[in-house]
There are 2 protein chains.
Amino acid sequence: MSDNDLVLENFLPYRLSYLTNIISRRLARLYSGEFGITAHEWKILANLNRHPDISAAEVGEKTAMDKVAVSRAVSGLCYKGLVDRKISQQDRRRSVLNMTAEGKKIYGQIKPLVIDYEKSLLNILSPQELSLFDQLLDKLTRHVETD
Amino acid sequence: MSDNDLVLENFLPYRLSYLTNIISRRLARLYSGEFGITAHEWKILANLNRHPDISAAEVGEKTAMDKVAVSRAVSGLCYKGLVDRKISQQDRRRSVLNMTAEGKKIYGQIKPLVIDYEKSLLNILSPQELSLFDQLLDKLTRHVETD
DNA sequence: TGAAATAAGTTTCACTTGTAACTATAATTA
DNA sequence: TAATTATAGTTACAAGTGAAACTTATTTCA
């Protein structure tokens, strides 16, 4: 067996995926339990908070979700009364999405939980380590994004 | 709006998940297309290569997969003739799993593709950066593993 | 012993997700 | 301007996934 044999525990894509899965599960617990929000729905709420009046396609761009996932999550949010969907008068194919008052309220309740979780996660790293990790993550991401 | 508002593009769990998803998709292409192997199946092959004669439960431990996923992936591999499943004579509930000759052949074909992909991924980082990223990843993983 | 509890693995059911087909509207161009 | 092409979003179908129930085998301990 060659000495560059494949050892999953050392294989970086696998380790990255392992870490990410744990973190995603923990985060999902924050919104799924008490609030009944899925990860996709949460991502959309966070985007509508920053960018009101955007369309489903724009949500898709900003969240890297495909349009079917966006459609389903937006439907779920509308059904729960957290998002309001209007038809654009400029282009009647497009939707114009916004959080409702109730949506903003829920968003405001979940946001601190999520931010606290991120803090608790990152407090194991020193400021220098965090900054480095940040840069390396960016570097890798820019690298893999070039198809 | 508070200044520690939630901005997904800066939110580390989101960025980690984004990077991981791209990498996982690319990797999956390496085995799914030509070889018809799923990511789960591939993980199991890689484990059986290093640890012959293990049981489904042991595969589960080593891959962090749940037992249902292991059961299904092993069934798929047996059906394709890549893995051989015997009943343990010491404990007839347990299975004893091994790659077949054909399984080893396929494994040997996929392995270099996967290793090359990892190399192409990491060659954007200097040896120092890589070593740092490695350490930080470990540190974060150990941190989140403590429930 | 033998009844109850535990363990390995599979099957089932409900839910999620991805791909492709479809509907409705808008833009293009012959 | 009418026919074609492209776009936004939804629906339908198939495949994947997770939780719980189930089957068979083993262990525990009264």
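In this predicted model, helices α2(B) and α3(B) are roughly perpendicular to each other. The angle between helix α2 (residues 39-50) and helix α3 (residues 56-63) of chain B is about 105 degrees, and their axes lie 10 Å apart. That angle falls in the range of 65 to 115 degrees, and so the pair counts as roughly perpendicular. On the α2(B) side, the contact is formed by B:Lys43, B:Ile44, B:Asn47 and B:Leu48, which meet B:Val59, B:Lys62 and B:Thr63 of α3(B). By residue type, this contact divides into 3 nonpolar, 2 polar and 2 charged residues.

The loops on either side of α3 in chain B each deserve a glance at the backbone. Most residues other than glycine have a negative phi. B:Asp53, however, is not a glycine and has a positive phi of about 65 degrees; this residue sits in the loop between α2 and α3 of chain B. B:Ala64 likewise has a positive phi, near 60 degrees, in a residue other than glycine. Its place is the loop between α3 and α4 (67-79) of chain B.

Turning to chain A, helix α2 (residues 39-50) also packs against helix α4 (residues 67-79), at an angle of about 80 degrees and with the axes 9 Å apart. This angle makes α2(A) roughly perpendicular to α4(A). From α2(A), the residues taking part are A:His40, A:Glu41, A:Ile44 and A:Leu45, while α4(A) contributes A:Ala69, A:Val70, A:Ala73, A:Val74, A:Gly76 and A:Leu77. Sorted by type, the residues of this contact comprise 7 nonpolar, 2 polar and 1 charged.

The next contact runs between the chains. Helix α1 of chain A (residues 12-32) packs against helix α1 of chain B (residues 12-35) at an angle of about 135 degrees, their axes being 9 Å apart. With this angle, α1(A) is oblique to α1(B). The crossing of α1(A) past α1(B) is left-handed. A:Pro13, A:Leu16, A:Ser17, A:Leu19, A:Thr20, A:Ile23 and A:Leu27 of α1(A) meet B:Pro13, B:Leu16, B:Ser17, B:Leu19, B:Thr20, B:Ile23 and B:Leu27 of α1(B). The residues of this contact divide into 10 nonpolar and 4 polar, with no charged residue.

Over all chains, the count of aromatic pairs comes to 7. One of them joins B:Tyr14 and B:Tyr18, whose rings are stacked, with 6.4 Å from centre to centre and 25 degrees between the planes. The planes count as stacked because the cut-off for that class is under 30 degrees. B:Tyr14 and B:Tyr18 are 4 residues apart in helix α1 of chain B, so about one helical turn separates them.

Finally, the two chains can be compared as whole copies.

Conventions: Residues numbered from 1 in each chain as written. Chains lettered and ligands numbered in written order. Predicted model: local features only at pLDDT ≥ 70, side-chain atom pairs only at ≥ 80, totals over all residues. Heavy atoms only, no water. Axes fitted to C-alpha atoms, helices over the stretch in contact; angles between N-to-C directions. Helix = DSSP H or I, 4+ residues; strand = E, 2+ residues; numbered from the N terminus. Parallel < 35°, antiparallel > 145°, perpendicular 65-115°, else oblique. Left-handed = near helix turned anticlockwise from the far one by under 90°. Contact = heavy atoms within 4.5 Å. Nonpolar A, V, L, I, M, F, W, Y, C, P; charged D, E, K, R; others polar. Phe/Tyr/Trp six-rings, centres within 6.5 Å; stacked < 30°, edge-to-face > 60°.
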